[in-house]
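Work through the exercises below with the sequence and the 3D structure in view. Each task is followed by its solution.

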Amino acid sequence: MRTGVWLVGARGSVAVTSIVGAAALRAGLTEPIGCVTEHPALRGGALPGFADLVFGGHDIATTGLLKRAEALAAAGVLPARLVAALHGELSAADEEIRPLPHAGTQGGVAEAIAADLAAFRERHGLERVVVVNVASTEAAPVPHPAHASLEALREALQTPDVVLPPSSLVAYAALTAGCAYVDFTPSTGARLPALHELAQRQRLPYAGHDGKTGETLLKSALAPMFAMRRLSVRSWSGINLLGGGDGATLSEPAANAAKSASKQRVLGETLGYVPDGHTRIEYVPDIGDFKTAWDLITFAGFLGTPMRMEFTWHGCDSALAAPLVLDLARLTAAAHRSGRVGPLPELAFFFKDPLGDVEHGLAAQFEALVAFTASLR
């Protein structure tokens, strides 16, 4: 099943690591460590193979994919031997990256994006294309009346007004072009009534949002433990230190607020209440694509005895996120092929702030994912 993976933010660290990783897996140069779809309970013939994935994308950055990969290797994110061995594959993928189009209206931009997607599908003889947003986090959008219905949205997009945030404009273009859509960021993406209506009309699935790669992954594993053990969590506070492009973006207050809200949802919905505390995100340029999270949890046991737990997570965001991007592209393509339409809440395992009314405990999410994958044909 030849499947296109169109990455929005295709020259960013997560996208480049995803492309290098897929090429290395295809060439047999690495193992699928971190790829959830290679778990024995999930591996199946309904999913496109890594060798079936063809990459393209949009980006405002002009630095070539090979140069970006070499920079990531120098920073310790990618093995330099893989970048050297995959020179040809990276150059070929770079040929499929386009600048974001410009037009007088957002409707014109969407038409140009959809045309790029259609040409990509035709050029490579692809059975289907999945658009994955791995661009920078956006601030929450200003509500617009046209968000409520597809007809109103289509009319509004023909005016000079800014109607949709960038992630939602890409989602609109993707769905219009017959492509499934995945939002790996906390941005709005397809999470608008008008875009849900468009997905239903086009018979397309969509998924999101905000990939669960580090601290929140631990929260979704630990919070159910406290709930099941009937221990009362009094407070849960965290500090996230990160560098790189994502860190620079999140140094902006509006983007930071959107990300922090996404990270906190798991606690309230798993514990059944919101403990004191908050998550803080700070930009530390010197640590580049690596990140450190420190969390302090205070809780009470029998007879109110006070206790505490602390953990520190050191990780490389791109190396944690990239295999999940590949997983989501494979699963969403298979869902499209199987006739799934609309949001995919069964993919909650991958997201901090998943679509739909879902269980937030990691084990329950994994069980739902296993059942979902088994249902695909």
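**Exercise 1. Find which residues of H7 meet which residues of H8, and describe how the two helices pack.**

Step 1. Ser168, Ala171, Tyr172, Leu175 and Thr176 in H7 meet Leu195, Leu198, Ala199 and Gln202 in H8. Contact here means heavy atoms within 4.5 Å. Helices (H or I, at least four residues) and strands (E, at least two) are DSSP runs, numbered from the N terminus.

Step 2. Sorted by class, the contact of H7 with H8 holds six nonpolar, three polar and no charged residues. Ala, Val, Leu, Ile, Met, Phe, Trp, Tyr, Cys and Pro count as nonpolar, Asp, Glu, Lys and Arg as charged, and the others, Gly among them, as polar.

Step 3. The axes of H7 and H8 (residues 193–202) are 9 Å apart, and the packing angle is about 15 degrees. That angle makes H7 roughly parallel to H8 (under 35 degrees is roughly parallel, over 145 roughly antiparallel, 65 to 115 roughly perpendicular and the rest oblique). Axes are lines fitted to C-alpha atoms, for helices over the stretch in contact, and angles run from 0 to 180 degrees between N-to-C directions.

The model is predicted: local features need pLDDT of at least 70, side-chain atom pairs count only at pLDDT 80 or more, and totals for chains, interfaces and linings use all residues. Residues are numbered from 1 along each chain as its sequence is written, and side-chain values use heavy atoms, with hydrogens and water left out.

**Exercise 2. Describe the contact of H2 with H4.**

Step 1. The axes of H2 (residues 65–74) and H4 (residues 87–94) come within 8 Å and cross at roughly 130 degrees.

Step 2. From H2, Leu65, Leu66 and Ala69 take part, and they meet His87, Leu90, Ala93 and Asp94 of H4. The residues of this contact are five nonpolar, one polar and one charged.

**Exercise 3. Is Ala333 buried or exposed, and what does it touch?**

Step 1. Ala333 lies in H12 (residues 317–337). With a relative accessible area of 0%, Ala333 is buried.

Step 2. Not counting residues up to four places away in sequence, Ala333 touches Thr3, Pro48, Arg128 and Val130. Ala333 and Pro48 are 285 residues apart in sequence, yet 7.5 Å apart in space, C-alpha to C-alpha.

Step 3. Arg330 also lies in H12, and at 5% relative accessibility Arg330 counts as buried. Neighbours within four places aside, the contacts of Arg330 include Glu38, Pro48 and Phe50.

Conventions: Buried means under 20% relative accessible area, exposed over 50%, partly exposed in between (1.4 Å probe, protein chains only).
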